[in-house]
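Hi everyone, thanks for making the time today. I'd like to walk you through one structure, so please have a look at it before I start talking.

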Amino acid sequence: MTASAATPSSAPDSAVDVVIVGAGFAGLYMLHKTRRLGLSAVVFEAGDGVGGTWYWNRYPGARCDVESMEYSYQFDDDLQQEWHWSERFAPQPEILKYANHVADRFDLRRDIRFSTRVMAAHFDESALRWTVRTDRGDAVTGRFVVMATGCLSSTNKPAFKGLDSFKGPTYHTGEWPHEPVDFTGQRVAVIGTGSSAVQSIPIIAQQASALTVFQRTANFSIPARNAPLDPAYESRIKADYRGFRARNSQMLSGFGSNHPRSEISIFSVDEATRHRAFQERWDRGGLGFQGSFADLMIDMKANQIAADWVRARIREVVKDPATAELLSPRQVLGCKRMCVDTGYYATFNLPHVKLVDISQGGIEAITPRGVMAGGQEYEVDRIVFATGFDAMTGTLMKIDIRGRGGLSLREAWSAGPRTYLGLNVAGFPNLFTISGPGSPSVLTNMIVSIEQHVNWIAECMDWMRREGRRSIEALPQAQDAWVGHVNAVADATLYPQCNSWYLGANVPGKTRVFMPLLGFPDYARRCSEVAAAGYEGFALSA
Ligand code: FAD
Ligand code: NAP
């Protein structure tokens, strides 16, 4: 086993119980829980502040699409009672303020080393400890390592030909500058039409003198119907916040109990009733549209009825029939993550906004003056890459993680990620992943999934201490069975039907495997059963 040049093999400079990587919502809560157990911890964070996603994604229009009253921590009742969200879907600056508030409220910063990127984590089998090394030369040993590194934290920057030749500024939505970017009077190109693009395009269009959007695949987007948070609604939720959280935890995606997924089949009602159900959810706004009927994500015909209905709404909004046609998605509704927007489709009615279809030839090149596609050069002053992320595995693969016998995670996952419960990998004792592949993670309200994982990991550490166990590690057969289960659940749905980032299909060369597990309540129950059975499926050393 050789250490890479970036990870000098100097002697460790300190030892803690738990090394946590990342200071987003997962890392912050993990640190808080670790301290509550009386364990020592250090957090390494590549950014110079807390908040993770909300620290990095500062593009115009960035906001959550799970409602703010749900997209927040529930572990501390005073926190959830005292915090006030200003809008139904909070904007990025407010979510970042919330993350900073949590860091201060629980005095978390003193154990976080900012602007420090973890480069390697190697397991020492004789000591049963991990050595974690950073790009600033830190070398810290920990009994446990918790990867709170995020599912959407490694930007996908396609290697477009001529990329560096462009004369003007370029931006990636996931690494947006900290100072405001003013597009007033600029000719702007946006490449990509996923959630980040759908949120930013209407705002960029308000400033730019000309906006050209390059679309490879049209996406389904549902109006957000965002608004100031209704004080009466806030009071009602806060009067029984715990009950509300408990009801949400029984939802397939861990949110939306106010307006749950329908339990009836689309085929059990007539056309007028179907349309009323779609309209009602469309008018309400947000991701709940996908729950209009019980069978939308399992029956292709049911899905197509819903997709046709949305396409008809797009045609109503977009005046130019050719543009409306291009904006109408052709894939299964929901198999790429649905977008939630404010004025996205209407933006294409503006005379200075142009949609360019690159579904056939892609982006041919970036030139000094703009973007080349379909044999035509589009001259622009600035380019926004809204090209997404190397999701779920990208960030972990950048770290040189080595478990038993020097086995690298990159090798172990060369044919796609394999985990037990999305929490641990066979061969990597005492290393936990928060919202890892094989757990519901990105198919849920992620703060719900994060808290469930952190609680489970903290209970496990506490149990090990009480029981005198020194290491925990997934058994290969339990892991194999779990991977089989995750695939079987996905295969019973329409989710694997299109080229989504859930499958890794957006990154050239990435192994195509459906990574998240559908169904939060069953999953959480299974995790609790495993723990109650003395960590069934794990090998535990005394
Ligand atoms: P992150 O917030 O990604 O934090 C991980 C941290 O780890 C980052 O700060 C990163 O710098 C750090 N890190 C990574 N690697 C290293 C390393 N090697 N060394 C040191 N530090 C490292 N989810 C929802 O449920 N609802 C939403 O509405 C929603 N909206 C979203 C909007 C956007 C624009 C994006 C990109 C994602 C959204 N998500 C949403 C998903 C979001 O990522 C999660 O909700 C949540 O914020 C993830 O928190 P986390 O702590 O797990 O990861
Ligand atoms: P994304 O959904 O992966 O979208 C990336 C876009 O870039 C897609 O349109 C993709 O086209 C395009 N693209 C990628 N590579 C390309 C290439 N080589 N050439 C041309 N086009 C290319 O990424 P995202 O919009 O950043 O969103 C990622 C996830 O983050 C979301 O799904 C969601 O989970 C979360 N998010 C949530 C919100 C929110 O509303 N709260 C906002 C932003 C992000 P193809 O579809 O053809 O691959």
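Let me begin with a term: a polar contact is a pair of N or O atoms within 3.5 Å, and within protein one must be able to donate a hydrogen and the other to accept it, while residues adjacent in sequence count only if both atoms are side-chain atoms. Here is a case to start with: a polar side-chain atom of Thr 217 lies 2.4 Å from an oxygen atom of ligand 2.

Some housekeeping. This is a predicted model, where local features need pLDDT of at least 70 and side-chain atom pairs count only at pLDDT 80 or more, while totals for chains, interfaces and linings use all residues. Residues are numbered from 1 along each chain as its sequence is written, chains are lettered from A and ligands numbered from 1 in the order in which they are written, and side-chain values use heavy atoms, with hydrogens and water left out.

Now back to ligand 2. How many residues surround ligand 2? There are 25, and the closest are Arg 63, Thr 193, Ser 196, Thr 217 and Lys 336; to be near, a residue needs a heavy atom within 4 Å. Lys 336 brings an N or O atom of its side chain to 2.5 Å from an oxygen atom of the ligand, and Thr 193 has a polar backbone atom 2.8 Å from an oxygen atom of ligand 2. The protein covers 89% of the 910 Å² of accessible area that ligand 2 has on its own; such areas come from the Shrake-Rupley method with a 1.4 Å probe, and for residues only the protein chains shown count as cover.

The shell divides into ten nonpolar, ten polar and five charged residues. Nonpolar here means Ala, Val, Leu, Ile, Met, Phe, Trp, Tyr, Cys and Pro, charged means Asp, Glu, Lys and Arg, and the others, Gly among them, are polar. Helix α5, residues 195-207, gives the largest share of this shell, three residues. Helices (H or I, at least four residues) and strands (E, at least two) are DSSP runs, numbered from the N terminus.

On to ligand 1. It is surrounded by 34 residues, with Glu 45, Thr 53, Asp 65, Tyr 71 and Met 446 the closest. Glu 45 places a polar side-chain atom 2.7 Å from an oxygen atom of ligand 1.

Let's step back to the whole chain. Its fold has 16 helices and 20 strands. Of its 542 residues, 58% count as buried, meaning under 20% relative accessible area, with exposed being over 50% and partly exposed in between (1.4 Å probe, protein chains only).

Finally, two loop residues. Arg 225 has a positive phi of about 55° although it is not a glycine, and it is found in the loop between β10 (221-223) and α6 (231-239). Ser 435 also has a positive phi, near 55°, and its loop runs between β18 (431-433) and α14.
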